[in-house]
Amino acid sequence: MKVDHYAVFGHPIGHSKSPRIHRLFAEQTKQSLAYAAQDVPAESFVAAADAFFADGGKGLNCTVPLKELAWQYADRLTERARLAKAVNTLARQADGSIVGDNTDGVGLVNDLTLNHGITLPGSRILILGAGGASRGIVGPLLECRPARVTIANRTVYKAETMVAEFEGLGNVDSSGYPELEGRQFDLILNATSASLSAQLPPLPANLLAEQGCCYDLAYGTQPTAFVIWGIAQHASKSLDGLGMLVEQAAEAFFVWRGIRPLTGPVIELLNGECQAASPALGY
Ligand code: ATR
């Protein structure tokens with residue numbers, strides 16, 4: 001039987017869960033495909049992607065630090081990828097051209113709404129960070145018609161630049177961290193890379209509204225600093241980004257194969273493994 005080839009490129013890539021997730025999706029949907037992880041530093045990206053597609057590869061996922069390069073590499077972009085200025089999914093078309101897509105934002109929205117029952121229409125959303133991770137989620141969040149999306153960043157002008165790009169899509173404003181004092185939000189999303197070094201942006205007290213939720217786009221075997229902060233703020237839910245990881249993968253799988261895998265069993269399985277890795281924390 002002919003096997004279609006897919007891969008994730010990134011640097012580093014050793015701990016990527018994507019091969020596992022896509023193999024589970026393939027098993028579940030009875031699709032015949034292979035999915036590998038390849039360590040590709042930025043300077044080798046174009047040559048590696050050219051070689052992959054020349055060999056008949058059907059699709060690539062691109063992660064840190066390659067999403068902007070993948071955006072430039074694509075022959076065509078979906079609207080959500082164009083706005084995000086980042087591509088996490090490349091798909092080879094029948095005519096050989098490469099379409100770039102971004103499934104991160106829809107992955108986040110699906111995890112928030114479908115898996116966790118969080119209501120986005122009318123809500124006050126705060127996004128921490130104005131880098132690549134933040135850029136990927138603003139458009140899909142605004143499409144859910146929240147009351148407002150506020151983008152806060154240490155370097156304020158980056159948040160202001162993003163607001164100028166996205167303000168046509170809905171109610172969006174920018175802020176520095178000290179200026180958040182006195183404001184309240186129903187959902188706070190951490191899209192900074194601070195969690196990766198166990199740090200937190202300088203957040204004022206009482207930022208989270210009663211019954212509000214916290215969500216860290218990062219995930220790990222241990223709860224992130226932001227997830228712990230959310231628990232301390234009495235968030236009704238304080239979640240990490242494992243569900244988003246599985247949901248963005250499911251959307252990429254759909255882009256490539258035209259079939260939507262069930263994400264629930266895969267999230268459950270991976271969550272169970274995280275718990276087994278850090279039993280002392282009860283996660
Ligand atoms: P990514 O693609 O993961 O978003 P990035 O584009 O380098 O990575 O952006 C990192 C984001 O995390 C930025 O918003 C950065 O803030 P600055 O633009 O002010 O640098 C934010 N960030 C990283 N470490 C942080 C920290 N310790 N406190 C607050 N913000 C932090």
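Let's start with helix H7, residues 156–166. H7 lies across strands E8 and E9. It runs at about 170 degrees to E9. Keep in mind that this is a predicted model.

Now the strands under discussion. E8 covers residues 148–152, and four bridges join E8 to E9. The two run parallel.

Six strands form an open sheet in the order E9-E8-E7-E10-E11-E12. The pairing is parallel. Which strands stand at the edges? They are E9, residues 172–175, and E12, residues 237–239. Each has a single partner strand, so one side of each is left without a neighbour in the sheet. Neighbouring strands here are turned against each other by 20 degrees on average, direction ignored.

On to another sheet. This one is open too, with six strands in the order E2-E1-E3-E5-E6-E4. Its pairing is mixed. The edges are E2, at 33–39, and E4, at 76–77. Again, each edge strand has a single partner, so one side of each lacks a neighbour in the sheet.

Look inside it. E5, residues 89–92, and E6, residues 98–101, run antiparallel and are joined by four bridges. Ala-91 has Val-99 in E6 as its bridge partner.

Two helices pack on this sheet. H1 touches E1, E2 and E3, and its direction makes about 175 degrees with that of E2. H2, residues 45–54, touches E1, E2, E3, E5 and E6. The direction of H2 makes about 170 degrees with that of E1.

Stay with H1, residues 18–29. How does H1 pack with H9, residues 242–257? The angle is about 55 degrees, and the axes are 10 Å apart. That angle makes H1 oblique to H9. The crossing is right-handed. On the H1 side, the residues are Ile-21, His-22, Phe-25, Ala-26 and Thr-29. They meet H9 residues including Leu-245, Ala-249, Phe-253 and Trp-256. By class, the contact has 10 nonpolar residues, two polar and no charged.

Last topic: aromatic rings. The count comes to nine aromatic pairs. Take Tyr-6 and Trp-256. Their ring centres are 4.6 Å apart and their planes are at 35 degrees, so the pair is tilted. Where do the two sit? Tyr-6 is in strand E1, residues 4–10, and Trp-256 is in helix H9.

Key
Residues numbered from 1 in each chain as written. Predicted model: local features only at pLDDT ≥ 70, side-chain atom pairs only at ≥ 80, totals over all residues. Heavy atoms only, no water. Axes fitted to C-alpha atoms, helices over the stretch in contact; angles between N-to-C directions. Parallel < 35°, antiparallel > 145°, perpendicular 65-115°, else oblique. Left-handed = near helix turned anticlockwise from the far one by under 90°. Contact = heavy atoms within 4.5 Å. Nonpolar A, V, L, I, M, F, W, Y, C, P; charged D, E, K, R; others polar. Pairing = 2+ DSSP bridges. Phe/Tyr/Trp six-rings, centres within 6.5 Å; stacked < 30°, edge-to-face > 60°.
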